[in-house]
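Here is a short briefing to read alongside your protein. Have the sequence and the 3D view open, and let's walk through them together.

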Amino acid sequence: HLAAGEIEKRKAVAYVGNWMRGLSVAIIVYGSGALFSVTPQVLQPTAPPNSPWYSGLRKPRWNPPGWLFPIMWLLVAKPTQCAALY
């Protein structure tokens, strides 16, 4: 049997290990997103897309503005990717 102090010490080490794993997953996911999202569409979200195909599409009245996409990408997709890796 382990002493009470030894059990608490092992719990603390496991907690720090899980915390560091979660932090490293978040850094990888959000860091890669920041690295690869440096595109003209993200840097200038109010600029129209370059694709004539997309520009020519009939869009509904409720079509969100271009500046909203990077914000929603961070709020929806990135936590989902973290959960998938963790």
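A residue counts as buried when its relative accessible area is under 20%, as exposed when that value is over 50%, and as partly exposed in between. Keep in mind that this is a predicted model. The protein has four helices and zero strands, and from the N terminus on its elements run α-α-α-α.

**Confidence**
- The mean pLDDT of the protein is 75, with 77% of its residues at 70 or more.
- Where pLDDT is low, the predicted coordinates should not be read in detail.

**Surface and burial**
- Of the 86 residues in the protein, 7% are buried.
- The accessible surface comes to about 7300 Å², and carbon and sulfur atoms account for 70% of that.

**A nonpolar patch**
- On the surface, a nonpolar patch is formed by Tyr15, Trp19, Met20, Leu23 and Ile27, which together have about 570 Å² of accessible area.
- One of these patch residues, Leu23, sits in helix α1 (residues 4–36).
- Leu23 has a relative accessible area of 36%, so it is partly exposed.

**Helix α4**
- Helix α4 has 18 residues and reaches 26 Å from its first C-alpha to its last, close to the 26 Å expected at 1.5 Å a residue.
- A kink of about 35 degrees in α4 is centred on Leu74.
- Which residues in α4 are buried? They are Ala77, Lys78 and Cys82.

Key: Residues numbered from 1 in each chain as written. Predicted model: local features only at pLDDT ≥ 70, side-chain atom pairs only at ≥ 80, totals over all residues. Heavy atoms only, no water. Patch = residues over 30% accessible without salt bridge, like charges linked within 9 Å, V, L, I, M, F, W, Y side chains within 5 Å. Areas by Shrake-Rupley, 256 points an atom, 1.4 Å probe, with all protein chains shown as cover. Salt bridge = Lys/Arg side-chain N within 4 Å of Asp/Glu carboxyl O. Helix = DSSP H or I, 4+ residues; strand = E, 2+ residues; numbered from the N terminus. Buried < 20%, exposed > 50% of the residue type's maximum accessible area, 1.4 Å probe, protein only. pLDDT = per-residue confidence, 0-100. Expected span 1.5 Å × (residues − 1). Bend = angle between axes of the 7 residues up to and from the residue.
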